[in-house]
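Below is a short briefing on one protein chain.

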Amino acid sequence: MLSQGEYGLVLSGGGAKGAFEMGVWKAIRECDYPIGAVIGTSVGAINAAMIAQNNFDAAMEFWSKITITHVLNLSKTVTNNYVETWSKESFDTFRDGFLTLLFSDGFDITPLRNNLTRLISEEAIRRSSIRFGLVTVDLTSLKPKQLMIEDIPQGQLIDYLLASAALPIFQKQEIDGKTYLDGGFFDNVPINFMLEQNFHQIISVEFPVLAIRKWVRNKNIKIITVNNSEFLGGTLNFNSKTIDHSIQLGYLDAMKTFGALEGKYYYIDTQKNNTIFKRFETQLGLTLSDTLKQQKLIELLHNLKATDKNNILSGLEDLLKKTTFRNRPLALSLLEITAKSLGVPRLEKYSIDLFFQAILKKLGALMEENLTLLENPRIVMEFLLPANNNFRRYNFITFYIVFMSIPGDLSRDKMNAFLCKFTPDISLSMITLFYIHEMLKK
């Protein structure tokens with residue numbers, strides 16, 4: 001019987017993308033999701049075994065140190081000529097590799113077998129309170145095999161893990177005289193298999209990869225799907241920076257999916273350390289004490305006729321609808337757009353007040369680096385000329401410095417020529433900085 005609230009965790013295949021699943025596991029642990037079973041395909045099966053074994057530190061160490069040599073025994077020629085091509089995941093290469101290598105020797109994965117033998121304890125998994133399962137394909141009979149740990153003969157877990165991850169470019173994986181193929185050729189996201197284990201609350205980690213995905217048969221279930229918000233690299237791209245990036249992205253994307261963090265582009269905790277944010281929300285839309293900034297705010301909002309709080313907020317909402325942040329909370333969206341304009345690092349977990357600090361720190365650094373811009377009068381003229389596209393090569397901080405240097409008595413024609421070069425994101429970022437500075441005065 002299932003404990004009330006237990007979840008089934010489904011992990012898809014994707015080679016080096018599996019590092020993302022380690023980040024998701026970190027988020028699951030932090031958010032205290034009770035996992036009753038974990039089923040995976042390909043690298044998802046290997047990760048599922050680590051999760052069932054429940055040795056988080058060992059699993060993270062394995063992934064943080066992994067390189068292509070921990071997976072394949074490769075000559076330099078093969079590494080340079082074949083793996084680099086495969087890591088780009090060209091469909092033509094995938095097809096040609098399948099046809100050429102399916103019945104040839106393929107790449108030697110002895111290093112992966114040796115590493116899994118050291119890392120995985122079959123007995124620990126058999127004793128685990130978290131049930132384990134995997135998917136592979138019996139190439140001899142052309143039939144899929146969906147196996148829970150009790151269906152795997154004693155002493156053969158590592159064999160079946162490698163069978164689940166047996167890409168066509170690898171050496172043939174044989175068990176008891178039968179040849180096996182990567183489980184992604186049957187079902188890369190084995191939700192239906194998890195349903196057969198009587199789990200109706202499922203966390204599913206899914207990648208956009210060249211593999212088969214079965215339709216979920218039962219629609220009356222709760223599925224929390226965690227997808228990657230950035231490209232994770234190729235199947236065999238075991239570069240250390242890429243792996244670290246994938247782990248961090250998996251953690252942050254999962255935390256956002258689970259509702260522990262907010263934001264469209266960034267990852268922000270608005271519930272803790274939010275004193276400054278609440279002040280910002282209260283300040284937003286009020287008249288600015290600096291009359292020049294107030295005038296420029298009105299111009300950025302397309303010359304609002306009335307400047308009461310409701311009209312200013314309405315003008316901001318109208319601009320927001322022209323961005324990718326439309327239909328999202330105004331105050332948080334303004335901060336995210338501004339941070340993105342400034343180049344604030346994305347893959348970090350921010351409290352909302354620390355997010356303010358990150359914006360101000362980045363603004364200060366950029367201002368210091370770019371204050372000499374105004375020493376070149378041609379830059380200002382480029383923004384004021386009606387028919388001029390050279391401004392496209394400038395970043396936000398250039399727009400900001402030039403705009404702040406423009407006097408209030410600039411002619412209407414020149415001001416319009418300047419403003420027509422602003423995207424909604426640039427306008428909203430400037431207005432946000434106006435209100436942040438206004439808030440900090442008090």
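Is Phe422 buried or exposed? Phe422 is buried, with a relative accessible area of 10%; buried means under 20% relative accessible area and exposed over 50%, with partly exposed in between (1.4 Å probe, protein chains only). This is a predicted model, in which local features need pLDDT of at least 70 and side-chain atom pairs count only at pLDDT 80 or more, while totals for chains, interfaces and linings use all residues. Residues are numbered from 1 along each chain as its sequence is written, and side-chain values use heavy atoms, leaving out hydrogens and water.

**Whole chain**
- The chain has 19 helices and 10 strands, taken as DSSP runs (helices H or I, at least four residues; strands E, at least two) numbered from the N terminus.
- Of the 442 residues in the chain, 54% are buried.

**Aromatic pairs**
- Rings of Phe, Tyr and Trp (its six-membered ring) pair if their centres lie within 6.5 Å; planes under 30 degrees apart count as stacked, over 60 as edge-to-face and the rest as tilted.
- The count by this rule is 14 aromatic pairs.
- Tyr160 and Tyr180 have ring centres 5.8 Å apart and planes at 65 degrees, so they form an edge-to-face pair.
- Tyr160 is in helix α8 (residues 157-164) and Tyr180 in strand β6 (residues 178-182), 20 residues apart.
- Phe403 and Phe422 are edge-to-face because their planes stand at 70 degrees, with ring centres 5.3 Å apart.
- Phe403 sits in helix α17 (residues 396-405) and Phe422 in the loop between α18 (412-419) and α19, so the pair ties together parts 19 residues apart in sequence.
- Phe403 counts as buried, at 0% relative accessibility.
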